[in-house]
Amino acid sequence: MELNPEQAAIAEHLHGAILVLAPAGTGKTRVLTARLIQAMKAGFQAQDILCLTFTNRAAQEMKTRVRQEIPNQAEQLTIKTFHGLCAWMLRQEATAMGLPADFTIFDDRDCQELVQQIFNLSDPRDVKQYTSELMTTKSRGYWQGDDGWLGVFRGLGDYAPQGVKYQLALQERHTLDFADLIYYVRRMLRTDPEIAQRWQQRFKLLQIDEVQDTHSSEYEIVAHLGRGSGNIALIGDLDQTIFEWRGSEPELILSQFRQEFQPQVYELAWNYRATKSLLATADQFAQEFANRHTRISAAPSCPAGPPPIIHQAPTAQAEAQWIGQHIQALAKTTPNFSYSRTTVLARNHFRLAEISTTLKAMGIPCLTVEQFEFFQRQEVKDALALIRLLLNPFDTTALRRILLQLVPQIGLGTINTIQKQGQACGLWLTDLIDLPTLEDGDPFHAILQAQQSGKIIVFDVETTGFSVAESEVIEIAAQRYDGGEHTLSFQRFITNLKPVGETEAVHGYSDQFLMIRGRPAKEVFKEFQRFAQGAYWVGHNLGFDVKMIKAHARRVGLELNISRWGDTLNLAHRFVQAPNYKLATLAQHFHLKQTPTHKADDDVRTTVELLNCLLPLTLPGRPQRQALIQRYQRQFFPFARQLSQWRQASDQLRPGELIRQVIQDSGLYRHYSSQPERLENLDQLIDVFTERDQAHLHPHTALREIIEFTALTRNIDRLTQAENLVPLITVHQAKGLEFDRVFVAGLADGEFPSFRSVQEGRLEEEKRLFYVALTRAQQQLFLSTHAQDDRGKKAPSPFLTALA
Ligand SMILES: Nc1ncnc2c1ncn2[C@@H]1O[C@H](COP(=O)(O)OP(=O)(O)OP(=O)(O)O)[C@@H](O)[C@H]1O
């Protein structure tokens, strides 16, 4: 990869802190990629490097480029978005944080649906606004006092109690929203010194792209991770700050970074992206900024190029046609014309939707806003909800969706009654899709019965990681529980086959210790099976442990029969209001004698005591729960049976095969049989699941990774150059991208700059947004507007006037 001397100096500066602030098109992304390669050549291990990008698409592109140069190491690099990084960290630390280890992630729409229910809203604009406020408050907030979530949501004023309700609903569903990802990581790093220190030592080299759009809570995490090695690079362009409305605080972050890390500052002067003429236009416009940070200069190799074409059409329809005609002409006259190298940008989705209708009618292949939102499409969301429910049996939001769409005998009235009446007695809607619960008539029937006959075993395991296919169980501790009096205990170490590596810091057992004290896995599993024979298994936050122990036993040729088990985390979620659900917090809440220590046998003793406190809490609501189940069980049985069959299949089938079967059996094809486009999308979804399957992972882990991808992925991540279609995208989405030809449409006053942003005092950010639009073009730029729409005359944008 060719670099100029300034770029090369940055790529080679690997030790210590650096700050690169440089204008659009000067090769920041190129340098970051080159720097990763350089670091590995200089001896940094790929697994010690962290690179944060703004989109999954950018992360993917960077990985692909590194792979071309250093094929066998690229996979070990951690190149992620902020949310991807946090999800990955929390997955590893979930148990210590009192979060369910099998949590799933809610996308924006799921959050909005929940907000709509909890805040009882009808106007979609209100739903969006409330959701956004909730998220901002949470990702900024930190809870210091004893008032728990109420403290976090204090900023919401009178609505704080609803904020708490929303949070409890997430908790019940074993899901985290995007703001939770940031929130929990910050809390973890602030409150758990052991974990904080471990993470501080985790990476030896860090680089963060697009720093201008980073929140200070995100910076807090990055700064923490960077403090260990001090090798941290921040890169960005203050003139392209376009997310302050969503809470980014670039000036504050940079001043903190300068103060703490004393970075060497680099600048990049030459723009390699565009023609001299287009750069002169961008430069002219940037003079409008109240506070300009960088100067833009054309690299000597840049061609002169034509000036931008500016056009005012009489109507919006005529403007769209003008764009279409130009694209058609370009396609005819340009050798090797590629539709995907031409884009239409606009300030809002409405304008793009209008233009896409016209372009489609003119036969121009284009990728519309709707197509970008693939994972949000109704039929796709239906199929994803089914899979989510397989992975996470507590996902009430997914269940509500499925019941309303696919189970005709269950309507909103039934769902609301169960949820409302269930709240008072500890019954959840998701209990009604659990076959054993339907058969027993109460979710706690089996555990209460096992308690009476002294047939509960409480257990805990230590493992070498969180990969179901690869990690090993290295310790099992268990106690037979008979009401707390007489206990028979079990405790064994297992010799590991692969080195424990970094996980030693978590469980404290070295390879050497396990070699001396451990025994072969198969022997230990067999003994444990004998010990636990006929008992009901219980543990704290053990959804993940059960998967691990089953998978490990299967690898050594043993089928462990753990069909039913109970979780004290689940009991606590239903019957205890605690600031969090870590074992230690609950031990404190109930004043238990035994406190947990992270050692499996101590934790088992604590869990036994905890169970003693929790089981009596299930008794008062028992008659109401039984009555509710009896009333509705017939309606739920067929779906519960179906789900149980899929769940069994999910242990064996690869994700692509599983989703195909689920889509077929669920009746989704039938449901959408009259809408071929939706059927096509379902088939496309099967393709996504097949393509993204990582064959080396356990089917469950692979499935979870894909579901996480569908939640974390942003619209723009689906933009691929391979499909030869003109992408129609908002300017915000175009950040970091480049195209041969760019059309910026809807440049009317009130639309761009947006009326609302100007009203709210964000004209400067609108200017920067327009600057981002101008700097996406490599060869040609078309700026257009219209003189009139349904509501009357429209003046050209002042941004256009500034270019005249
Ligand atoms: N030294 C170089 N020689 C030739 N081309 C270069 C050089 N450096 C960068 N480029 C090209 O210039 C273009 C812009 O580079 P890149 O996308 O890395 O810039 P950037 O600073 O990240 O831009 P932005 O801030 O707008 O996202 C790309 O097409 C890249 O390949």
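The report below takes the cavities in turn.

This is a predicted model: local features need pLDDT of at least 70, side-chain atom pairs count only at pLDDT 80 or more, and totals for chains, interfaces and linings use all residues. Residues are numbered from 1 along each chain as its sequence is written, and side-chain values use heavy atoms, with hydrogens and water left out.

The structure holds six cavities of 30 Å³ or more. A cavity is a set of points, on a 1 Å grid over the protein atoms alone, where a 1.4 Å probe fits but cannot get out; lining residues have an atom within 4 Å of a point. Points are joined across faces, edges and corners, and a volume is the space filled by probe spheres set on them.

| Cavity | Volume | Lining classes |
|---|---|---|
| Largest | About 150 Å³ | 10 nonpolar, seven polar, two charged |

Nonpolar means Ala, Val, Leu, Ile, Met, Phe, Trp, Tyr, Cys and Pro; charged means Asp, Glu, Lys and Arg; the others, Gly among them, are polar.

The largest cavity has 19 lining residues, with G98, L99, Q171, Y184 and H573 closest to its centre. Helix 8 (160-172), strand 5 (175-176) and helix 9 (178-191) each give at least two lining residues. Helices (H or I, at least four residues) and strands (E, at least two) are DSSP runs, numbered from the N terminus.

Around the second largest cavity there are 15 lining residues; D107, D110, K381, L384 and R388 lie nearest its centre. Helix 5 (108-119), helix 17 (378-391), helix 18 (396-406) and helix 33 (699-712) each supply two or more. Helix 17 has the largest share, four residues.

Technical notes
On a 1 Å grid over the protein atoms alone, a cavity is a set of points where a 1.4 Å probe fits but cannot get out, and a pocket is an open set with protein on both sides within 12 Å along at least five of seven lines; lining residues have an atom within 4 Å of a point.
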